[in-house]
Amino acid sequence: MIRALYLKILSCMMVVIFPAALFATDQPAAMLYSHGTALLNGGSISRSSAIFSGDLVETSVDSAANINASGSIVLILHESLVKYQGNAVELEHGDVAISTSKAMATRAGDVTVSPAASVWTEFEVRDVDGTVQIAARKGDLTIIDDNGTTTLAQGQETTRDETQSQSQDDAKKKKKRKAAGAAPAAGTGGLLSSPWTIGISGGLILGATIWVFHQSPIPVSPVQ
């Protein structure tokens with residue numbers, strides 16, 4: 001009789017636990033919001049959509065998008081192609097601005113940019129023609145590439161080659177581009193401070209910070 005009672009209790013638990021587990025796997029890892037026409041895995045979205053790890057987001061010349069995840073927001077600027085990876089994003093080309101309390105990283109080719117500490121951090125990454133531009137807006141950053149690991153202090157900017165495993169012809173082309181007017185290796189100027197970035201990111205980051213504050217169990221500081 002005890003065995004029968006045990007099996008009955010176990011069966012009831014299975015009925016409750018299994019559907020709950022299946023339901024949890026269907027929950028979106030984050031939400032994507034478009035501002036203008038944006039593509040999710042090649043299909044257009046009207047305003048918002050759930051987004052999962054591995055999904056690809058593309059913006060046009062007159063659109064932008066933002067990904068809201070627990071403790072993080074990713075602002076995808078115009079003419080950008082980004083793959084969402086849950087705890088990171090892969091920047092194929094274009095510009096992204098990250099605000100995170102969960103150490104969300106950005107990868108552009110062989111370059112990985114992440115917060116140096118698990119505190120509220122804001123940074124921007126731009127990948128155009130194989131040159132990666134990085135700006136640390138709030139908090140220090142850790143940059144990993146083929147040359148090793150370096151730290152970029154808050155308020156500083158720097159550039160990296162997307163990949164070191166390039167042909168000599170590619171290297172010469174990049175040198176010509178840099179000679180034509182590339183940004184300095186490190187500084188405090190307006191590397192990524194385009195009117196588009198300032199106009200859109202200002203409002204989105206403020207609203208997203210409020211959203212993240214309510215979603216994240218980790219206390220975050222307000223945007224300054």
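User: What makes the largest nonpolar core of this model a nonpolar core, and which residues have the most contacts inside it?

Analyst: In this predicted model, the largest nonpolar core has 30 residues. The name applies because such a set consists of buried residues of the listed nonpolar kinds, joined through side-chain atoms within 4.5 Å. Leu32, Ile51, Ile67, Val74, Tyr84, Val96 and Ile134 have the most contacts inside this core. Strand E9 (residues 88-100) gives the largest share of the core, namely four residues.

User: Why is Thr142 called buried?

Analyst: The relative accessible area of Thr142 is 17%, and buried means under 20%; therefore Thr142 counts as buried. Thr142 lies in strand E14 (residues 141-145). Beyond its neighbours within four places in sequence, Thr142 is in contact with Thr112, Val113, Ser114, Pro115, Ala116, Thr149 and Thr150.

User: How do you know that Glu122 has no salt bridge?

Analyst: The nearest side chain of opposite charge to Glu122 is Lys138, 6.0 Å away.

User: What makes the pairing of the Glu122 and Trp120 side chains a polar contact?

Analyst: The two side chains are 2.9 Å apart at this contact. The cut-off for a pair of N or O atoms is within 3.5 Å, so the pair qualifies as a polar contact.

User: How many helices and strands does the protein chain have, and what share of its residues is buried?

Analyst: The protein chain has three helices and 16 strands. Of its 224 residues, 39% count as buried.

Note on methods. Residues are numbered from 1 along each chain as its sequence is written. This is a predicted model: local features need pLDDT of at least 70, side-chain atom pairs count only at pLDDT 80 or more; totals for chains, interfaces and linings use all residues. Side-chain values use heavy atoms; hydrogens and water are left out. Buried means under 20% relative accessible area, exposed over 50%, partly exposed in between (1.4 Å probe, protein chains only). Helices (H or I, at least four residues) and strands (E, at least two) are DSSP runs, numbered from the N terminus. Lys and Arg count as positive and Asp and Glu as negative; His and the chain ends are not counted. A salt bridge is a side-chain nitrogen of Lys or Arg within 4 Å of a carboxyl oxygen of Asp or Glu. A polar contact is a pair of N or O atoms within 3.5 Å; within protein, one must be able to donate a hydrogen and the other to accept it, and residues adjacent in sequence count only if both atoms are side-chain atoms. Contact means heavy atoms within 4.5 Å.
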